[in-house]
Structure formats: C-alpha cells, structure tokens
Number of protein chains: 2
Amino acid sequence: MNITVVGSVGLDTITTPLGKVEDALGGSAGHFAVTASNFAPVHLVAVVGEDFPKEHLELFKARGIDVRGLQIVPGRTFRWTGYYSTDFHTRETLETQLNVFEGFDPVLPEDCRQTPLVFLANIHPRLQLKVLEQVDRPRLVLGDTMNFWIESDREGLLEVIKKLDVFLLSDSEVEELCETHDLMKAARQLLEMGPDRVIIKKGPHGALMVSQTDVFSVPAFSDVKVVDPTGAGDSFAGGFFGSIARYQDFTDLGFRRAVAFGCVMGAFNVEGFSLDRTRDLEMTEILQRYENLRQLTVY
Amino acid sequence: MNITVVGSVGLDTITTPLGKVEDALGGSAGHFAVTASNFAPVHLVAVVGEDFPKEHLELFKARGIDVRGLQIVPGRTFRWTGYYSTDFHTRETLETQLNVFEGFDPVLPEDCRQTPLVFLANIHPRLQLKVLEQVDRPRLVLGDTMNFWIESDREGLLEVIKKLDVFLLSDSEVEELCETHDLMKAARQLLEMGPDRVIIKKGPHGALMVSQTDVFSVPAFSDVKVVDPTGAGDSFAGGFFGSIARYQDFTDLGFRRAVAFGCVMGAFNVEGFSLDRTRDLEMTEILQRYENLRQLTVY
C-alpha cells in the first residue's frame, strides 16, 4: 500500500552534547519519508530551494521515494538551527529560516491523489486542508501538528482534526491543545472532535493510543544511546504508517503493532544525527528491535 | 511469606482539586501495610502519639496487621499537610510536624527478626540501618527513600543502598541521586552500588525495573479517576512486595508480575483519599485490574 506524505524538507544545524552537524537533511516529511521507505513505497510532496544538495535528492531516490511532488524552486531551502542541553532534557530553537517553505503550495501529482494512506506532516493547517482537497477518499488520513499551530491557528487546526482518521501528537501538544495534563481525558476530548484514533507520543515514556474501543500503551525502547533526537516524532510516524502500509492490518491489534513499530523507528532515529540511522536499516534489524521492545513489557 | 515494614504512620491533612480530608490515616508504613495486607501477613513497626485515633488501630487489626511493633508514646502523632494543584500536576507541602516521629527508635518484636521480607519504607537512613541490624538474614530487603534524605544524609543513604536487594525510588529521586535524567544510565549506576534490582516509579508513566539480566517496563493503569495521589508510591511498594510474599516467585517473571501488582495497587490508592480504596478491596478486583493492565500492553 502506498503512502503520500506532505510536509517540510529542510536543512538542520544541530548541536547536541554528542556533537554538531550543519545543513543536515531533515524536515518532518524528510524524516518520515526515509523512515517509512523501510516498509512501503512513499510519495514525497514538499518544497526545497535551488541550493538543496543533489546528494539528498539522490538519497530519496535510492530509497525508492517518489520525488515528483518535491518542488525545487528559486531561493534557499528551509533551515532550522537547534541546540540540545546536557542529557537532552531541553531543546532550544536558535533560528528558523522558512525561506522557500514560506510560499509552499502543495500540489499532488495526479496519480498520487488515490494513494490509500495520506500523512499530513507538521505544516500550516491551511496547507493540510489544501492537501485534503486534492485526495480522493483515502483509506486512512494521519495528521500531525506542533505547538506553533495550536497557538497561531487553533481554528484551522480544529478544521483539520475533524477530517483526520488518526491524530498523532506529542504530550506537550496535547496538554496545550486540550488544556489538561490528564492525557486520557485529553485523548477522549480529541476523539470527540473527529478522529477514530489518537496517538500521543511521550518521548522517553513511549506512546499511548486511544480509540473508542481500545487503549494501548507502549514504553520507549530502553537501550538507546541518544545522539540527536531531531525527527524522532516524524520517524515514529514513519514506522507507524509504514507498518500499516506493509501489513495492511486495520484491526486494533494491527494498530497496536504499528504503534510499536513507531517506537522502534523513533528509537533508531535518535541514535544518529539527521537520517544517519534510519536511511540504511535492514528489515531484520527492525524486526529484532520490535521483538526486543515487546520482550520489555511481557509478563 | 510474612513482611515486616518499618516506616511512618501519620495523620494527613490533604487538599486536592476534588476535596479535602483532615487528620486522615497515612504515612509510608501506613499505606504500605494496608495495601500489602491484601496479599500477605504484615508486621508493622512505627510510632504514633497518644492522640492516634483508636479507629485507625482497629483498621490495622481488622486487616490482620500485627501492630505489636507500633509504639504508642506520649505526645502527638506525625502530621503532614499537603496541597495538590489542578490536574495534580504539582504537590506542595504546607506543613510537616514530626512530633513523636522525631524520637522514633524502631524495635522489632523478637519473632519478627526472622521475617523473610523486610521493607524499609521512607525514614531516616540511620533508622533504616538500625532495622537492618535487628533482622536475621532476610530473603529480600526492599528499600525506599525520598529527596529529603538524598539532600540531608546522602552518605547514610549510600550505606543503606549497599545493603538492599531491591531499591525502589521515584524518577525525581533517581534524577537527584544520580544527577542524570537518563533513567537507564541511572539504574545501572545504582546497580553498581549494591542492589540486585532497581525499580523506578514514574507516576503517570508507570514503572521501570532494571537488574543485571532484565529490563522491564510497565505503564500506569490508564483508566484512573485521581482523587488523592498521597501514598501512591507506598501502595506501589505494598502491591509489589505483597505479591512477592503471596506468590513467592523470585524469578525475573515473578518480579515483573510484582511490579505490575505495584502499578495496580498504586492506581487503586489514588482513587480515594487516604486509604479509602486500598482498605476494602477484594482479591477479584485486584486480579481484574491486573489483567486489564496487562491487556493495555499486549500486541
């Protein structure tokens, strides 16, 4: 089953206690596409500037990612500069340059409009709605967001949430959106707004999935040497949606397994800078870690 | 298998978003003893003043708890006054009156000195060491502590940790003691200090158990209507040690199940003020919630 993702592709300059990278490949759709490509074919819809390094484009192609929807326009590529404190306890954004991303107008290639799985990565809710106008009754629409949109376009975001099948967000986003620290209460509130399922990413505490009929909790993978957490949430989405695409199991159990794959891929992501760990994985490694994660919780 | 617990018994005045109680039965050993008494016989060693209500003493006795080690001395009982903010996100201590607890000198009744399971609840490390001098090669010593002792008697606490089989503490205590936010790193550091197992209570995020050979993660029970979180950690200890006493399974799997019982009993505890929920439970209710917790994580 194919996945279309619409989001950002950018160049990140990141400092962590373990090192620094400059202009490394990143962005919500960048992380998602490469991670999900371990599981299924991905169509990438995003925008970059003319300065976007050829090698990154080649990486996408080498991973079998369809880049016909990746617009290359005059100007500079989206850039983000961030800093993580000791123990990765806090993250600080030092600079955000929207550049060509500011004028992004997502256009899906004609034959992507029937893609069964659509991921609206973290972009302006207005653009997420624009994507939804272009797709033809997808099997499943997954949506993400960020605190910035909760603050600056809550109304637009609520419009998007109405149309999602699965809403994926972080605990801090949930708390801001629902104005409560009680995640179960918040999840039930979000289910009232439209989605069939809400998945809350809790970083080092794993993830929680709530639907009308099911509650599932999974811890984070414990044995992880964190190098760079950037993109962990998008890699989670990539593992989650990738496994839905691969196994096509839309039961509660299928979604539970997908959430576990999300945790697995998030854990791989943080072990290297940029996409270093998610770009060259073997399925055997992924399945081994999936089983190790499962062993962590059985009794 | 019998359990001896040494800790505090006190009277709590607690305000939460859902109400207020005054001079309600509490204390680390109070919560532990009542919770654990659902599973196994408990010997309680603590001190109260002459003002300690008879009804509380009767409650202990009705639960089959041996109170010969509960000293009743001239003076007022230990009192704690606390306040929880909206959503229980923060807790504030408004007043602590040590009263008779200040001069507490734990003495184990002669026939309790061979008890196979000994729980050193949160008291001064010096007193914890004094208890250990009185016991005769117990099968398992479980120890708890609090931030206060980490700050005021780190050296004494390190002496205690050396002698523990299982060290139980909260995430915030781990972070303060090991000076890291990385719980796995911290747990491994603590294992070097003496204990065979470290169990980290993560409140709404469940618990993590680490030994030389095993890592186990369990989420908190999700469907809980929190009324009063006071004593949740001690009830966790009660469920954990209670189930060890009841099932006598000292394998990794036995300890995993014990941690799950800990989560279950912690969840019951927070659903009522004081000991309201843990004092009248049926084993069928406990097992039902244990199974519900297990269902939360399987895939």
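Helix 8 of chain B and helix 9 of chain B lie oblique to each other, where oblique covers whatever is left once angles under 35 degrees are called roughly parallel, over 145 roughly antiparallel and 65 to 115 roughly perpendicular. Before going on, please note that this is a predicted model, in which local features need pLDDT of at least 70, side-chain atom pairs count only at pLDDT 80 or more, and totals for chains, interfaces and linings use all residues. Residues are numbered from 1 along each chain as its sequence is written, while chains are lettered from A and ligands numbered from 1 in the order in which they are written.

Back to our pair: the axes of helix 8 (residues 232-247) and helix 9 (residues 252-270) of chain B come within 7 Å and cross at roughly 140°. Axes here are lines fitted to C-alpha atoms, for helices over the stretch in contact, with angles running from 0 to 180 degrees between N-to-C directions. Helices (H or I, at least four residues) and strands (E, at least two) are DSSP runs, numbered from the N terminus.

Now turn to chain A, where the axes of helix 9 (residues 252-270) and helix 10 (residues 283-295) come within 9 Å and cross at roughly 115°. Helix 9 of chain A is therefore roughly perpendicular to helix 10 of chain A. On the helix 9 side of chain A, A:A260, A:F261, A:C263, A:V264 and A:A267 meet A:I286, A:R289, A:Y290, A:L293 and A:R294 of helix 10; contact requires C-beta atoms, placed from the backbone, to lie within 7 Å. The residues of this contact comprise eight nonpolar, no polar and two charged. Nonpolar means Ala, Val, Leu, Ile, Met, Phe, Trp, Tyr, Cys and Pro, charged means Asp, Glu, Lys and Arg, and the others, Gly among them, are polar.

Elsewhere in chain A, A:G49 sits in strand 4 (residues 42-49). Although A:G49 and A:T77 are 28 residues apart in sequence, their C-alpha atoms are 4.2 Å apart. Leaving aside neighbours within four places in sequence, the contacts of A:G49 include A:V73, A:N99 and A:V100.

How do the chains meet? In chain A, 22 residues are in contact with 22 residues of chain B. Strand 13 (215-218) and helix 9 of chain A are the elements that give two or more residues to this side of chain A. Its residues divide into nine nonpolar, seven polar and six charged.

Technical notes. Contact = placed C-beta atoms within 7 Å.
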